[in-house]
Amino acid sequence: MLLLHGILFIQSVVTLSVQRCLTSLALVAVPFKIPVVLKIIKHFQEEGQGSEVVQGVLLGLVVDDRLEITNCFPFPQHTEEDADFDEVQYQMEMMRSLRHVNIDHLHVGWYQSTYYGSFVSRALLDSQFSYQHAIEESVVLIYDPIKTAHGSLSLKAYRLTPKLMEVCKEKDFTPEGIKKALITSENMFEEVPIIIKNSHLVNVLMWELEEKSSVAEKQELLNLASGNHLEKNLQLLMDRVDEMSQDIIKYNTYMRNLTKQQQQKQQYLHRRQLENTQRQSRGEPSLPEEDMSKLFKPPQPPPRLETLLVAGQINTYCQRIKEFTAQSMGKLFMAEALQGHNS
């Protein structure tokens, strides 16, 4: 749904932004103001439940090689009963209202929450392609509430790489097209560094809050219990590995069928050649030419984009497990050293 409404909205209100992006843009960093981060976190806390995804619009402006995110607003959740609700009209009204109060209103991307890092999907790729095709500087911001709840703010900004943008424009997701474009699971998305900017008053407030925080709350960082989080990531990783295994089986079946058909084609051409030789020796005309593409229709190759996305999601899970286990192993070694010292 985000893709459809996003395309309609972009085509209607971003003419100025498109005209500004006539040359290739290489973003160096994405500075965020702290109210934007708080709005995104509040949006998920109010409307996100479990694995439900919340989404919204990022507003800001481009300064040199930096994309500054200064404001945002959410996509409201609505049910089937709200059939008359128009998301495009809602976004345009929000942009118009922000412009009237002299707030940055240029559309520069969108944000989305994720469930245990499960964000690499066809829906996200299609949505980001439509945004980035119309607004070259646009990014997608991924917020992980579960990792944030464990004490580490998780916000990452991504863009599609130029190679993947070209493949999506041509819509050539065949094995040959993917191979020709040199697309792998590691170069589909490019991560843009994020810089969270606070005012001096906010920094002073943070120092005061840190001084007032109790020691008991700080000791939660030394908690050795990590089974639930690690178990869930491993379970999701196994599910994606199963999907990858099924895709590999489909591709191997396609290659076997293609090889078998090529052998049958060569055998048929060899028999025709022998028969034509015999007919020529008897003074008879050769057999008429036949369309080989009709006699031997090549099997339909399986799309490789879904396989790349699954591989990219597997890579994401592995990185998360690596980071999480590295922290857990550090705690365990520290606990072992303390035990040995006390004994």
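Colleague: Which residues is Met 188 in contact with, leaving aside its neighbours within four places in sequence?

Modeller: Contact here means heavy atoms within 4.5 Å. This is a predicted model, so local features need pLDDT of at least 70, side-chain atom pairs count only at pLDDT 80 or more, and totals for chains, interfaces and linings use all residues. Residues are numbered from 1 along each chain as its sequence is written, and side-chain values use heavy atoms, with hydrogens and water left out. On that basis, Met 188 is in contact with Arg 159, Leu 160, Thr 161, Leu 164, Ile 183, Leu 308, Leu 309 and Gly 312.

Colleague: OK, and which residues of the largest nonpolar core touch the most other members?

Modeller: A nonpolar core is a set of buried Ala, Val, Leu, Ile, Met, Phe, Trp, Tyr and Cys residues joined through side-chain atoms within 4.5 Å; buried means under 20% relative accessible area, exposed over 50%, partly exposed in between (1.4 Å probe, protein chains only). The largest one has 30 residues, and those touching the most other members are Leu 124, Leu 164, Ile 183, Met 188 and Phe 189.

Colleague: Is Glu 290 buried, exposed or partly exposed, and what is its relative accessible area?

Modeller: Glu 290 has Tyr 268, Arg 272 and Leu 295 in contact, leaving aside neighbours within four places in sequence. Still, Glu 290 counts as partly exposed, with a relative accessible area of 35%.

Colleague: What separates the C-alpha atoms of Gln 77 and Glu 47?

Modeller: Gln 77 is in contact with residues including Glu 47 and Glu 52. Gln 77 and Glu 47 are 30 residues apart along the chain, and their C-alpha atoms are separated by 7.4 Å.
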